[in-house]
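Here is a short briefing on the structure shown below.

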Amino acid sequence: MLRLSSPAKKVILIFLLTLLAGFISLPHEFSLFGRNFTRPNINIQSGRFDIQKNLDLVLGLDLAGGSHLVFEADTSKLPAEKKKDATASVRDVIERRVNLFGVSEPNVQTGSFEGKDRVIVELPGIKDTKQAVDIIGQTAQLSFAEVKEASPSAILVPTSLTGADLSYARADFDKNTGKPVVSIEFTKEGGDKFAEITGATVGKPLAIVLDNQVISAPIVQEKISGGQAQISGNFSVDEAKKLAIELNAGALPVPVTLIEERTVGATLGAESIARSVRAGLVGLSMVLLFMVLEYGKLGLVADVGLIVFGVLTLALYKLIPVVLTLPGIAGFLLSVGMAVDSNILIFERFKEEKVRRPVADALEVSFGRAWDSIRDANISTLVTAFVLANPFDWQFLNTSGPVRGFAITLALGIGLSLFTGIVVSRNLLRVFIREDKITK
Amino acid sequence: MKYRLVYFAISAVVIAAGVFSLFKWGLNFGVDFKGGAILEYRFKADVSEEKLTSLIESTKAQVASVQKTGNGSYIIRLSPITLEQKGIIGVLLEKNFEAQELRFENVGPSIGPELVKKTLYALIISATAILLWVALQFKSLKFGASAVLAMFHDSVVVIGTYSLLGHFFGAEVDFLFVTALLTILSFSVHDTIVVYDRIRESHKKLGGSVTELADKAISETMVRSLNNSFTIIFMLVALLLLGGTTIRWFAATLLIGTVSGTYSSPFVAVPILVTWEEIQKKIKG
């Protein structure tokens, strides 16, 4: 029976792990030697367990294309204790609007800094941001008002009926004129109110007011008790649809203004990816070459460790998943450059130690001595990465996506490089150097 | 440590150039800090800067600059614009020059001051945490303080150099610059810790003063320090040359920081430590 030493077992384990990670790292579809392959996603079903995982890289807005919008909610008129609730409700309304608008995987968050309340909206794949901003930014406060004729001008007297009494709104066409209208249906309570109001105003106009603007003021012909009505203004089809979305999602409790917009087209994103990949490959080859030239056989082992590092990192991005941004890719590339540091530390130490003791011992001693430096040195980078990534959403620190992307990939890179630099290289060296018995 | 004064002089020259530039030209703040709009377009038809500017200014938007990039697109900087203006500009450019919109950023004026504050908080937290970590790890304030001074040295070098780059090459200070600056803080300490670690190890084994051990520790760690910086520099140079315009200055900032960080560990942090100890001895003696 073949008896394997413990480092050899570990090397086999690492090899299998890398193989698995390599499989995960593969793109969903790729071709090799003229044949096309498809990598399946994880889909394990057994008894009560049902694990499904999409193993594609998650790209941020700057790479996939999309829009990042920041709205400021005007909560200045509200008492301090109500601000938080108002902002949260703004968030909910915006989220409903965005969903009704048909954006896939939108991300709507609140934020506040020194008394200013914000709602951050991320819309992947949206090109026409003007339309999106129009829909999100509209307060959509609907109300009905009686019109009291008093010379020289008419006075509006608001009724108790508002947008909150709606159960449903739909873009429609008027049966008689064929013009776009918005059909609305009231809740039970709203329907009763509506019947009461129309009963009292027969023969008089009833104004439909949206955000303090009268959009129409039809004359009430008779008491309407069905709980249904139609809003006709001079709408285009798009305007009618937009209004229906806003009414369905509910009114914003406070007005919002757009204070920041960043939109990246999908073309630019794709170009950024292509460029980063090329830069990464060139940089990586230079590092690999440098290590071999500088450290010979040892460098080759470090290179294997570095490739294992790259494959594991990619797999981890997919499993967590990490939203990859352009600065995020830079963070990854930077961590590749830093990943060999632990190896360099150890190899330099090894050069000193092997003069004093047998090669195998020197190797172990070098690993042991270098570990203190490696740990202490990397903690400082992790501290900075922590501040940049701001995992607890501290409002006094940065919460911007690209910066976080950079910090997260950098931190992950450092964590993993400790593993590959120490565990992977160490065991590889134990197996190969010992059995090779280099005696220099 | 014979050439301590030479090292300090080199640092002083670089810092002086940067500080001079900071006072004379200041920093070139981008839209993240100042507010404003950036439009990036690619055109099928022939365009010129003048034509673009006059067309855009017909919408009453104010053009700050028009810049052609390496990959054939144009970056147009404006003062903040409304969505209506943006819509009109888009239609005009599309009609006249068959334009394709690549990127649009519009930042209100309120964002900048917040970013400045958030950056300061981040800097203070990182620097304090690192100082505490080094001081605790080496059980000495001297070590922590000199590491942080070296870190401060690197920040000043980077900010000063960036001011020069901003004046001569139009490098803008944006949130990526801030990110790079914070990353450099940690890089700076990274190398310093490795040298300090060597001093500590020799001290345990051989004893003696920091001054005696410093030269030995520096020469022992020099090769690893250089080699490690080389691998990082390879990646950054590749990014700088091939990575595209969006992250070019980000890579450049990191590169300057890495070089300065590599230099500052043996030639700033350790000399400060040695000087500190000598002064301490003189006071005691």
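This is a predicted model. Chain A is divided into two parts, domain 1 (6–56 + 265–436) and domain 2 (66–264). Chain A also meets chain B, with 54 residues of chain A in contact with 55 residues of chain B.

**Overall form of chain A**

- The secondary structure of chain A comes to twelve helices and 17 strands.
- Its C-alpha atoms fill a box of roughly 110 × 50 × 45 Å along the principal axes.
- The radius of gyration of chain A is 32 Å, whereas a compact globule of 440 residues would have one near 22 Å.
- Of the 440 residues in chain A, 42% are buried.
- Among contacts in chain A with a separation of 6 or more, 69% link residues 24 or more positions apart.

**Two domains in chain A**

- Domain 1 of chain A is built from two stretches, 6–56 and 265–436.
- Domain 2 of chain A covers 66–264.
- The centres of the two domains, taken over C-alpha atoms, are separated by 51 Å.
- Five residues of domain 1 of chain A are in contact with five residues of domain 2 of chain A.
- On the domain 1 side of this contact there are one nonpolar residue, four polar residues and no charged residues.

**A four-stranded sheet in chain A**

- Which order do the strands take? The order is 10-9-13-14 in chain A, in an open sheet with antiparallel pairing.
- Strand 10 (155–162) and strand 14 (213–216) of chain A are the edge strands, and each pairs on one side only.
- Neighbouring strands of the sheet are turned by 45° against each other on average, direction ignored.
- Helix 5 (residues 188–200) of chain A packs on the sheet and touches strand 9 (142–148), strand 10 and strand 13 of chain A.
- The direction of helix 5 of chain A makes about 150° with that of strand 10 of chain A.

**Strand pairs within that sheet**

- Strand 9 and strand 10 of chain A run antiparallel and are joined by five bridges. Here A:Lys148 stands opposite A:Ile155 in strand 10 of chain A.
- Strand 9 of chain A also pairs with strand 13 of chain A, in the antiparallel sense, over five bridges. In strand 13 of chain A, A:Leu210 is the residue opposite A:Leu142.
- Strand 13 (residues 206–210) of chain A pairs with strand 14 of chain A over three bridges, again in the antiparallel sense. A:Ile208 faces A:Ser216 in strand 14 of chain A, the two standing opposite each other.

**Where chain A meets chain B**

- The contact takes in 55 residues of chain B and 54 residues of chain A.
- On chain B, the elements that give two or more residues to this side are helix 4 (83–97), strand 4 (99–107), helix 5 (111–137), helix 7 (175–206), helix 8 (210–242) and helix 9 (248–284).
- The chain B side divides into 30 nonpolar, 18 polar and seven charged residues.
- What joins strand 16 (residues 256–264) of chain A to strand 4 of chain B? Five bridges do, and the two strands run antiparallel.
- A:Val264 stands opposite B:Arg103, which belongs to strand 4 of chain B.

Definitions and conventions:
Residues are numbered from 1 along each chain as its sequence is written. Chains are lettered from A and ligands numbered from 1 in the order in which they are written. This is a predicted model: local features need pLDDT of at least 70, side-chain atom pairs count only at pLDDT 80 or more; totals for chains, interfaces and linings use all residues. Two residues are in contact if their C-beta atoms, placed from the backbone, lie within 7 Å. Ala, Val, Leu, Ile, Met, Phe, Trp, Tyr, Cys and Pro count as nonpolar, Asp, Glu, Lys and Arg as charged, and the others, Gly among them, as polar. Two strands pair if DSSP finds at least two bridges between them. Domain bounds come from an automatic or database domain assignment. Axes are lines fitted to C-alpha atoms, for helices over the stretch in contact, and angles run from 0 to 180 degrees between N-to-C directions. The radius of gyration is taken over C-alpha atoms; the globule rule is 2.2 Å times the number of residues to the power 0.38. A residue is buried if 20 or more other C-beta atoms lie within 10 Å of its own, exposed if 12 or fewer, and partly exposed in between; C-beta atoms are placed from the backbone.
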